[in-house]
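Welcome! Let's take a friendly walk through a protein model and look at a few side chains and rings.

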Amino acid sequence: MSVSTADVTPATPGARGVTPAVLIAVLSTVGVVVSLMQTLVIPIIPALPTLLNTSAANASWVVTATLLAGAVSTPISGKLGDMFGKRLVLVANLAFMIVGSVICASFSSLLPEIVGRSLQGAAIGAIPLGISIMRDELPAAKVGGAMAVMSATLGVGGAVGMPFAAVIAQNTDWHMLFWTAAGLGIACAALVLVFVPESPVRTPSRFDFGGAIGLSIALLTLLIGITKGADWGWASPVILGLFAASLISFLLWGFYELRQATPLVDLRVSARPRVLFTNLASIAVGFALYGMSLTFPQLLMAPIETGYGFGLSMVAAGLAMAPGGLVMMLLSPVSARLSAKKGPKLTLIVGSAVIGLGYLFALVLMDSVWQIVVAGVIVAGGVGLAYAAMPALIMGAVPITETAAANGLNSLMRSVGTSTSAAVMGVVLAHMTMQLGPHTLPSRAGFHTAFLIAIAGAVAAIALTLCIPARKAD
């Protein structure tokens with residue numbers, strides 16, 4: 001479908017009454033808040049079966065539901081944003097988060113918590129929408145740095161979420177976690193409505209309901225298989241059936257999408273080498289990132305009697321990890337400047353290499369808290385560089401009318417990487433164990449193996465990034 005020049009010309013921010021600094025600050029705040037939903041319940045995971053009067057296996061769906069909803073909603077939100085307005089869909093995402101938080105805060109049983117957490121997860125599509133709004137609204141000189149900061153919020157929110165949630169959970173009733181999330185969502189929605197103009201860039205078309213349903217089925221079967229493989233058995237008929245269903249669903253979905261005039265995901269654009277290898281590298285970076293989120297807190301909180309642990313509380317461990325989130329945000333502008341001078345491809349390579357160096361540091365030095373903190377800061381710095389480079393690579397390879405959908409797909413690829421990492425690292429730590437009295441805990445060798453796997457993920461990210469072709473002049 002053709003799009004008029006008026007539809008694709010970004011507005012001048014000054015003429016629309018919003019300053020770049022305010023727009024960047026508001027959208028970045030939204031990014032941190034929605035990504036915080038991913039780690040909101042980590043402090044209460046051990047107590048969830050008791051709090052919800054259910055089994056540990058059932059309680060794990062409170063975490064899994066957020067991941068699944070985020071994966072499904074992200075590309076759909078991006079497409080809707082391109083069609084109907086990015087600010088409108090961004091506010092809708094925040095509304096989902098608010099409603100979900102209120103549901104979770106109002107009940108103490110499993111089903112409402114899963115419904116509420118699913119709605120919270122749907123809000124994660126706000127991050128790629130924010131990146132696209134920045135491209136539409138900001139002067140060209142500020143776009144790179146702004147997108148870098150917004151992209152980094154996906155990691156920053158997760159890093160600060162643990163100490164934030166731990167302090168609340170440790171000092172108040174657990175429902176206060178969700179009341180606080182609802183309050184943050186309301187504040188963010190108000191800021192967006194007041195300070196963020198609706199983008200003039202639209203792609204009027206018919207929404208691809210068939211593509212949305214097909215992609216949802218394919219993603220749900222894939223991610224349920226990945227996240228539940230360790231619990232249900234990787235060779236069990238259910239898990240193998242889920243993976244088979246996912247493969248068939250993706251093939252049928254791709255066949256269907258290629259025949260649509262206005263597909264949910266333009267596979268021809270996504271198959272361009274610059275977009276394809278950026279998305280594959282995003283999976284590898286997301287995979288490497290999650291190793292830190294899963295292993296470092298466990299190391300810090302493990303009993304001293306293990307010979308490797310430090311016996312920290314959840315709050316103390318969260319505070320030890322918090323500097324990584326700060327470094328991630330501080331390095332985002334550095335990533336933008338490096339990308340502007342040397343290109344985002346080099347920045348992604350440097351970021352992936354720094355991630356690998358961080359895990360190598362942890363592999364060699366994990367004998368004191370400060371060493372784990374330094375390793376976490378190094379890994380987080382690499383993530384900040386890498387995550388900030390990805391939108392620049394994507395934006396340079398897709399039409400301006402497809403920016404939200406393309407960024408949504410890229411965010412989805414990161415989520416696939418983190419989900420796969422959670423499954424792989426979980427299996428490693430569950431099978432390489434030691435006994436401490438009646439308790440079974442991961443062994444030192446298990447953590448070393450996890451670090452080596454994360455290093456392999458970083459190396460894979462470098463290799464895939466090297467395959468990204470240089471951008472050709474128009």
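Which backbone oxygen does the side chain of serine 35 reach at 2.9 Å? That oxygen belongs to glycine 31. Keep in mind as you read that this model is predicted.

You can find serine 35 in helix α2, which covers residues 20-36. With a relative accessible area of 0%, serine 35 is buried, because buried means under 20%.

Leaving aside residues up to four places away in sequence, serine 35 touches Ile124, Ile127, Thr153, Leu154, Gly157 and Gly158.

## Aromatic pairs

Now for the rings: the structure holds 9 aromatic pairs. One of them joins tryptophan 61 and tryptophan 232 in a tilted arrangement, with 6.3 Å from centre to centre and 45° between the planes. Tryptophan 61 sits in helix α5 and tryptophan 232 in helix α11, so the pair ties together parts that are 171 residues apart in sequence. Tryptophan 232 is partly exposed, at 38% relative accessibility.

Tyrosine 308 and phenylalanine 447 form an edge-to-face pair, 5.2 Å centre to centre with 65° between the planes. Tyrosine 308 is in the loop between α14 and α15, while phenylalanine 447 is in helix α19, 139 residues apart. Tyrosine 308 is buried at 3%, and phenylalanine 447 is buried at 1%.

## Charges over rings

Lysine 228 lies over the face of tryptophan 61, 4.6 Å from the ring centre. Elsewhere, arginine 414 lies over the face of tyrosine 387, at 4.4 Å from the ring centre.

Definitions and conventions:
Residues numbered from 1 in each chain as written. Predicted model: local features only at pLDDT ≥ 70, side-chain atom pairs only at ≥ 80, totals over all residues. Heavy atoms only, no water. Helix = DSSP H or I, 4+ residues; strand = E, 2+ residues; numbered from the N terminus. Buried < 20%, exposed > 50% of the residue type's maximum accessible area, 1.4 Å probe, protein only. Polar contact = N/O pair within 3.5 Å; in protein donor to acceptor, adjacent residues only side chain to side chain. Contact = heavy atoms within 4.5 Å. Phe/Tyr/Trp six-rings, centres within 6.5 Å; stacked < 30°, edge-to-face > 60°. Lys NZ or Arg CZ within 6 Å of the ring centre and 35° of its normal.
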